Amino acid sequence: MNNTAFIILNTNPTNNSGLEVLKPLLTTQGLNVLHGFDGKEVPSNTRLLFIESNGDNVWQRLQTHISELKCECDIILFNISDNTELANRALLSGIRGVFYETDNADVLMKGIRLLLDNQLWYRRDVMCSALNRLLQFNKEAINQITDAELEPVKLTKRERAIISLMSKGAKNKEIADELNISPHTVKTHLYSAFRKTNCRNRIELLSWAQYNMPNELR
């Protein structure tokens, strides 16, 4: 099992919580903790990737870090300001959790343990907001179906198998191993499924699948 946690720090951090608080807490959980300043430094055996996300142009910097990654890992934002829109966007993009600059060590420790247990770490209001967006998305999709005749979405057998495994919590690497294909091929099939279903991310795709292929998600 991957046992490394990597912390990407801002070059001009607002505080030293990344190394003075977060790193010791991760170490107590048996993780080998490394740190650096960009995604290219993240090693292949990384399980948790913490990205310091405060200051200006947070989302642009986050996209840059993720594009530089050469491995798959759970991504968590930390040291963020009380920015509900950023947290919503992170959740809908598949980021596993967020920690705020006001969170104390007890909150960080509770969140880290849940993340290591493959759970999400978000505040209740953020989860509710994201759920409302998905419900609105489903409502709009239903209205489109009832207002006009649409061609049925035709996913390939492989695309449906990938969605089914994804619904069970499998990550790209695990899906690739299960289907004897490469992680890159998994991504290609997912992008195709996004395009065919007009979904913007994995959460919307799973929501779509619950309505359109429920038997395959059981």
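**View A. Strands E3 and E4 pair in parallel.** Five bridges join E3 to E4, and the two strands run parallel; strands count as paired if DSSP finds at least two bridges between them. The model is predicted: local features need pLDDT of at least 70 and side-chain atom pairs pLDDT 80 or more, whereas totals for chains, interfaces and linings use all residues. Residues are numbered from 1 along each chain as its sequence is written, and side-chain values use heavy atoms, with hydrogens and water left out. Helices (H or I, at least four residues) and strands (E, at least two) are DSSP runs, numbered from the N terminus. Leu-49 has Ile-75 in E4 as its bridge partner. With helix H2 (residues 58–67), E3 and E4 form a right-handed β-α-β unit; right-handed means that, with the strands pointing away from the viewer, the path from the first strand over the helix to the second runs clockwise.

**View B. Strand E3 also pairs with strand E1.** E1 (residues 4–8) and E3 (residues 46–52) are parallel and share five bridges. Thr-4 is bridged to Thr-46 in E3, and Phe-6 to Leu-49 in E3. Seven of the seven residues of E3 are buried, that is, under 20% relative accessible area with a 1.4 Å probe, protein chains only.

**View C. The five strands form an open sheet.** The strand order is E2-E1-E3-E4-E5, with parallel pairing. Strand E2 (32–36) and strand E5 (97–100) are at the edges, each with a single partner strand, so one side of each has no neighbour in the sheet. Direction ignored, neighbouring strands are turned by 20° against each other on average. Helix H4 (residues 105–116) lies across E3, strand E4 (74–80) and E5, at about 170° to E5. Axes are lines fitted to C-alpha atoms, for helices over the stretch in contact, and angles run from 0 to 180 degrees between N-to-C directions.

**View D. Helices H6 and H8 cross.** The axes of H6 (residues 157–167) and H8 (residues 183–197) come within 9 Å and cross at roughly 100°. H6 is therefore roughly perpendicular to H8, the term for angles of 65 to 115 degrees. The contact residues divide into six nonpolar, two polar and three charged. Asp, Glu, Lys and Arg count as charged, Ala, Val, Leu, Ile, Met, Phe, Trp, Tyr, Cys and Pro as nonpolar, and the others, Gly among them, as polar.

Definitions and conventions: Angles under 35 degrees count as roughly parallel, over 145 as roughly antiparallel, 65 to 115 as roughly perpendicular and the rest as oblique. Contact means heavy atoms within 4.5 Å. Buried means under 20% relative accessible area, exposed over 50%, partly exposed in between (1.4 Å probe, protein chains only).
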